[in-house]
Amino acid sequence: MPAIAAPSKLSVFWGRRTERENELIEPNSPSRRTFLFFRQLIEEGNSTSKFLEIAGKYRELRTSLHDCNFLTDNWDSYDAPKPERHSMEMAEGLLRKLFADLFMANRVIPSAEGGVAIYFNNEKKTAYVEYRNSGSVILAMYDDKSDPIIIELSESDDDQSRALSLIKNYISA
Amino acid sequence: MPTEALHFNKAPIREAIIAIQIHDLPEEIIKEIRRLPEQVGGAYPKNNEMSLGQFVGQISPQGTTASASQRSLGLQFHSADTKQLFQVRLNGFSFHRLAPYESWSPFRDEAFKLWNLYRQIVGPVKTINFSVRYINDLVVPAPARLEEYLQVHPELPVGMPELIRNYYLRLELPLEDRGAGEGLLTITQTLLPSEPGTASILLDNLFVYPALTVSDDILWKRIDAVQAVKNEVFLAALTTEMQKRIS
């Protein structure tokens, strides 16, 4: 195996075709040639994971949910109450369940009724679960061709799983 | 000699990928690729088109110009439960298995089957490289010391704060030829979103090997040889304690 230069010579940033390329591995070793050949391809490979795409979306939606903490009453100028902590905790629970199942929503937004809604979309269909401050949980699924499906759920774990299953079937069908 | 299977009851694999990169095929092959849904059948009922967009902007003393272009790259297919997907592109092929991951054999066999379908459709190809990638999500109690669970981890000197809110570690390590050819291992670690009281550590092991215009037979023999290498690297990355946690 090739020798590796002293840690002090390790460069943090490797630009293309810079002299720094020589610092890591012996100039004439087969491994160095392999390394140069593959650098760009490795970068391309790093962008293809479905799991990392889902994890990135999960992180983004948690941030959106967290941002709801900063809303005040009348945040939409139409007297909408701010989302209460309990609604946000329920929404966070559903997001966790989605991530564990490697199925991710598209958006998290505050509800004009008071609460938080998690939206799922594909090209033609939309579904959302709305956790209201009142404690009610609404699942809605609709498209532009048929009547919307509205289901009232409880906050139980079983109903959360049921909502997830119904949405997956609807959106994926 | 077949490689001994490595199995953990609570395997942390969130995604496994076999990918083969090829020299760009002629644009007209995209028509052939669009015929693939008929042949794939019910196992992968959904597909969507993949395209490559390019924006070019130039600023010069003579003025500013901008142009945009888009071209079809291929198709991505999903299984009904969305746990398996594969991509057929003008520049390559990849098969992805999301959790739950069973074992190497069914994973590799499905990839092999789909690769053959792809080859039937697109005809001769010139391979460039192949890769095998395992993306793991290691869940450990938090707060805890990384070295209790990982053999590869960042070390901080005395005098620095001890708690890590997040970190990103990336190692690129040349691989000796052990049947798959000389290659390059890229290990990436960072923290993923986690449940309260736990930390989820991403352990992403990417094995890339050059495979310049090799036959399918040799290509898949070399892919098979990665199984032993990836098992060894995975085990070496974990402490005994972490291995117990996923057993």
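Student: Read along the sequence, which pattern does chain A follow? Which are the buried residues of helix 4 of chain A, and what do they pack against?

Tutor: This is a predicted model, in which local features need pLDDT of at least 70 and side-chain atom pairs count only at pLDDT 80 or more, whereas totals for chains, interfaces and linings use all residues. Residues are numbered from 1 along each chain as its sequence is written, while chains are lettered from A and ligands numbered from 1 in the order in which they are written.

Along its sequence, chain A follows the pattern α-α-α-β-β-β-β-β-α, that is, 4 helices and 5 strands. Helices (H or I, at least four residues) and strands (E, at least two) are DSSP runs numbered from the N terminus.

Helix 4 of chain A comprises the 16 residues 157–172. The expected span of a helix is 1.5 Å times one less than its number of residues; for helix 4 of chain A this gives 22 Å, and the end C-alpha atoms are 22 Å apart, which agrees.

The buried residues of this helix are A:Gln160, A:Ala163 and A:Ile167. A residue is buried if 20 or more other C-beta atoms lie within 10 Å of its own, exposed if 12 or fewer, and partly exposed in between, with C-beta atoms placed from the backbone.

The buried residues of helix 4 of chain A pack against helix 3 (85–100), strand 2 (115–121), strand 3 (125–132), strand 4 (137–143) and strand 5 (149–153) of chain A. Two residues are in contact if their C-beta atoms, placed from the backbone, lie within 7 Å. A:Ala163 is one of the residues touched by A:Val129, together with A:Leu94, A:Ala117, A:Ile118, A:Val137 and A:Leu139, not counting residues up to four places away in sequence.

A:Val129 is also among the residues with the most contacts inside the largest nonpolar core, which has 80 residues. Such a core is a set of buried Ala, Val, Leu, Ile, Met, Phe, Trp, Tyr and Cys residues joined through C-beta atoms within 7 Å.

For chain A as a whole, 25% of the 173 residues count as buried. Among its contacts between residues at least 6 apart in sequence, 43% join residues at least 24 apart.
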